[in-house]
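I record what I looked up and what I found.

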Amino acid sequence: MAYRVLIADDEPAIATSLEFLLNKGGYDTQIARDGEVALRAAKTFNPDLIVLDLMLPRLSGLEVCMALRATPQSERLKILMLSARGGASERERARVAGVDAYQVKPFSTKELLAQVRDLLAGVPIGK
Amino acid sequence: MLQGWVIVCASFAYIGFLFAVAWYADKRADQGRSLISTPYIYALSLGVYATAWTFYGSVGRAASDGVGFLPIYIGPTLMMILWWFVVRKMIRITKINRLTSLADFVASRYGKSALLGSLVTVIAVVGILPYISLQLKAISTSFQILLQYPEIVMPQKVGTAGIMNDTAFYIAVFMALFTVAFGTRKLDVAERHEGMVAAIAFESLVKLIAFLAVGVYVTFVMFNGPADIFSQAMRNPQLAALATPFGGAAGNYTSWIWLTILSMLAIMFLPRQFQIAVVENVDERHVNKAVWLFPLYMLAINLFVLPIAFGGLLHFQVGSVNADTFVLTLPMSQRQEWLALLVFIGGLSAATGMVIVETIALATMVCNDLVMPPLLRFTRARFMQHEELSNLLLDIRRAAIVSILLLGYFYYLLAGEAYALVSIGLISFAAVAQFAPVVIGGMYWRNGTRAGALAGLSLGFIFWAYTLMIPAFAQSGWLSVALIEQGPFGIELLKPLQLFGLKGLDQTTHAMIWSMLVNVGAYVLVSLLSRQSAAERIQATLFVDVLSQTGERTGFWRGTASASSLQTLVGRFLGPARAAELFDGYARSRGVAAADELDADARLVRFAEIQLAGAIGASSARAMVSSVVQEEPMGVDEVMAIIDEASQAIAHSQELEEKQAELEAATRELSSANARLKELDRLKDDFISTVTHELRTPLTSIRSFSEILHDNPDLSIEERSRFLAILVKESERLTRLINQVLDLAKLESNAAEWQNVTLDLREIVDDAVSTTSQLFKVKNVKLDVNFPGVLATVAADRDRLLQVMLNLLSNSIKFCDAERGEVVVTVSQQRESVQVDVADNGIGIAKQDQAYIFEKFRQVGDTLTEKPPGTGLGLAICREIVSHFGGQLWVVSEKSQGTTFSFSLPINTVAVE
Amino acid sequence: MLKSVSTRGKRRVRGQLLICIFLLGVVLFNFPILALFNVGATLFGIPILFAYLFLAWAVLILLMYLAIERLQ
């Protein structure tokens, strides 16, 4: 069994790179190209962690995050947000919305993987 | 019975009462409840114009030539109308500069010239002496006549009794003491005498009442009303002639007209009128009421002149009684002793009022403009050791008052007998009229110079003396009568009364014509030919522009001084306590705790100078202040610059007031523009953050894949080349984006280089179509192009237009129907433009989105599917380019009906290479 | 603002009015108008020149009064 990670990003290139990295790190992955798909995938795929882009079409990353945090299922769900904007106000908004960690694009792949590992440390692998 | 002691006692009682009035008014002034701060007192005090000459002399003149006395009052009536303009300005100038007299006024206007100040003083003193002698003559005559009551005996010839027995001498001495007591009790910085003004107003009332009383008595008691007097008089052919004094020829009106002009000037320039109207004025607004109230006073006091004159002529034997005494002798002839005494008191009040104000005004001039300047210049070192000079100043003034009155008495001895009262007075009128050109010119004509003023005044004065003063002395026997009858050295042309052969005019008119001609002529001519010094320019501007100045002026001074040395200086003249009070007050007004903390700036120096000017005159104050101030000399050029600046500022401020409304509108526009700017600023911020975001996206992919490739050397060939392809694609995207951002920035800042040429749009469209034809083929999109047969040219940059066309074409490929794509390009000729339409058959753009698509980074489309490959800057760049060439770019679209992008460019009318 | 403008306007009117009155006075007390009254006639027993001068004077003062006091 492996941890499941949902990749929510509308940029195909970024999604592809994340997919490769996470697979390589031993995670199961799935890609969602917009906010709505991401919400649906959160139910069907039942991920342990979501790498969530802030600027998603349809529903923004923040909206997805808040929608997820409103469901009981999300208690054990970790959310790592990716954003091209690194301002303090954006980070604060994300924290309030229920984001566990925040990465500014462009990110270091090693750092990202380490962060994913840290977030999932001690979390039992979902069924 | 009217004993001598009764008359003397009544006189002293009256004078005593005057003192009481003055004392009370001064006390009220000290309490801050000024008695004279009403326009009625101001108007009444102006009645100082009516002297013994009016009181006794008008009737005398009326008895000899009918209405001939009236111009003396009609002139001032006319002048009062102009007062509203002239005197208000004079008052403003005087108050701002703390001027204390006419001499000060003239000296200050022409660069604080001490020489000019003393010239004015000399003219004023010499010119006024006859006038003062007139008052002495009137009082002593009326006293002697009254003393003979009930007999009516004309007094002896002047000077026959010897000085010690001459009533006039005692009257002169008494008046001198009286004036000293009245006017020089303390030294006032503003040279204001509230008590004196109150007393003068009271005197105006007394003489009016006395004159009206005798008028009513003569007209209605001795006769049966004016109609009775005149109808009796008309029966006597000699008297009837007085009713039509002008005769038949137009030339007979010359004297009347000149007398009117002379009196118009006198009401402004007699030192006592200037003192009362300008120096003693406490509120500029009082002038308003005085404009009509003072003429009313003059009308009232003249109402009974003609009835009394004709009454006297009818009542007395021809030649037995001097007509100048009718006012007194008519009630005496009816044994009305109390009425006669009232008349005497009325005459006394008319004379004392004149003498008090006139001598105080003259004494101030003598002290400030004649004595002080040389005293300060030649004895400064010794002088400055005096701890306090204010007592010295007062002593100088007292001496001046006594001297002036004694001089007046000697003039009376010399020339008093030669003329009737009115003629004596007119000599003085003509003298002070000499001030008119330099004062009026100085107030309204910027270019009047000191040299011009000196030339005008001196020549006018010389001609006045030659045509009026010399004949007066000659007629009194003090000079040879031959001088008048044959001219000096027998030169006919120089006869004082027919100068250069000018005949047929009365003495005053003759003198006025010559003196005014040379005065005005010299003033204007010399002014135009001479240059103003820096100081003159400054003063000229201050005087002429006084009404448009607000607040205190500064800046015309450069130099250094210490506040304490200035205070010490002011203290020498005003007393240390008063100086400390003034300086502390000034310090408080400047927001400084104590006087010694004051900065000795231009403003403080001016403040000190103004305080001193009140005590010692403008030119002396200037000299004193410059003795403690290290002044840096200012060149004319610098002063000119400052003045130009100042006058520009004045002009501007006036324009500004008028344009206030426009300004407010502009302010509103500005604030809305500001709001728009803020919005633009916000958009700019958004743009930058969007650009950063857009740049970060390809950068993220590039970094990620670089690291992946770097960290995973064991990747399969397929994976490696897939990742490398992504890297290349994202790098290209980044490059394109950067280029477009830079391009747009260049377009927006107009930094782009354009090469305008005459273009046929068909060529551009052709070019663009062939460039993209491969793309259309690949995407399987059908392309139709329609050209018109004839097409006007446009002026534009070829590459830029091609850029627009390519952008629109690639857009149409992106957005046209995926299955059966079809794009139609149409070029058409409009009335004033050439239009290109690029229509696709795609899904269209929603109405609400159409406004946004030309904004930067706005991409519309179904992002759920493949994100359209573009930077979101293309249309924004296109619009910039088209509008640069004066054209328009727009979109027409309906959802699922396809989209048409169109742009039009104006037809080229100007030839370009 | 409005008030000061209207005061200024009133001042200008008053100034012009006063100048008109002045010119009227100059004409009234001058040749040739004076010559019209320099005749032997009388008005209520008073020589017509005397009556005219005082009446014209009074009228002038009345006009000055009106220009100054009534133009508020």
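The entries below go from conventions to chain B and then to chain A.

**Conventions.** I note that this is a predicted model, in which local features need pLDDT of at least 70, side-chain atom pairs count only at pLDDT 80 or more, and totals for chains, interfaces and linings use all residues. Residues are numbered from 1 along each chain as its sequence is written, while chains are lettered from A and ligands numbered from 1 in the order in which they are written.

**Chain B, overall.** I looked up the secondary structure and found 35 helices and nine strands in chain B. Helices (H or I, at least four residues) and strands (E, at least two) are DSSP runs, numbered from the N terminus. Of the 913 residues in this chain, 47% count as buried. A residue is buried if 20 or more other C-beta atoms lie within 10 Å of its own, exposed if 12 or fewer, and partly exposed in between, with C-beta atoms placed from the backbone. I then turned to contacts, where two residues qualify if their C-beta atoms, placed from the backbone, lie within 7 Å. Among contacts in chain B with a separation of 6 or more, 82% are between residues 24 or more positions apart.

**Chain B, the sheet.** I traced an open sheet of five strands in the order β4-β6-β7-β9-β8, with mixed pairing. Which strands stand at the edges? They are β4 (782-786) and β8 (888-893) of chain B; each has a single partner strand, so one side of each is left without a neighbour in the sheet. The twist averages 15 degrees from one strand to the next. Strands pair here if DSSP finds at least two bridges between them. Between β6 (residues 822-829) and β7 (residues 833-840) of chain B I recorded seven bridges, and the two strands run antiparallel. One entry from this pair is Val823(B), whose bridge partner in β7(B) is Asp840(B).

**Chain B, helices on the sheet.** Helix α32 (residues 761-779) of chain B packs on the sheet and touches β4, β6 and β7, its direction making about 175 degrees with that of β6(B). Helix α33 (residues 798-815) of chain B lies across β6, β7 and β9 (899-906), at about 25 degrees to β7(B). For these angles, axes are lines fitted to C-alpha atoms, for helices over the stretch in contact, and values run from 0 to 180 degrees between N-to-C directions.

**Phe787(B).** I located Phe787(B) in the loop between β4 and β5 (794-797) of chain B. Phe787(B) is partly exposed because 15 other C-beta atoms lie within 10 Å. Leaving aside neighbours within four places in sequence, Phe787(B) is in contact with Arg762(B) and Val827(B). Its C-alpha atom is separated by 9.5 Å from that of Gln829(B), 42 residues apart along the chain.

**Helix α20(B).** I found helix α20 (residues 435-444) of chain B mostly covered, with seven of its ten residues buried. Among them are Phe435(B), Pro437(B) and Val439(B).

**Chain A, backbone entries.** The peptide bond from Lys105(A) to Pro106(A) is cis, with omega near -10 degrees. Pro106(A) sits in the loop between β5 (101-104) and α5 (109-120) of chain A. Asn46(A) belongs to the loop between α2 (35-44) and β3 (49-53) of chain A, and counts as partly exposed, with 13 C-beta neighbours inside 10 Å. Arg58(A), likewise not a glycine, has a positive phi of about 70 degrees. I placed Arg58(A) in the loop between β3 and α3 (61-69) of chain A; with 16 C-beta neighbours inside 10 Å, Arg58(A) counts as partly exposed.
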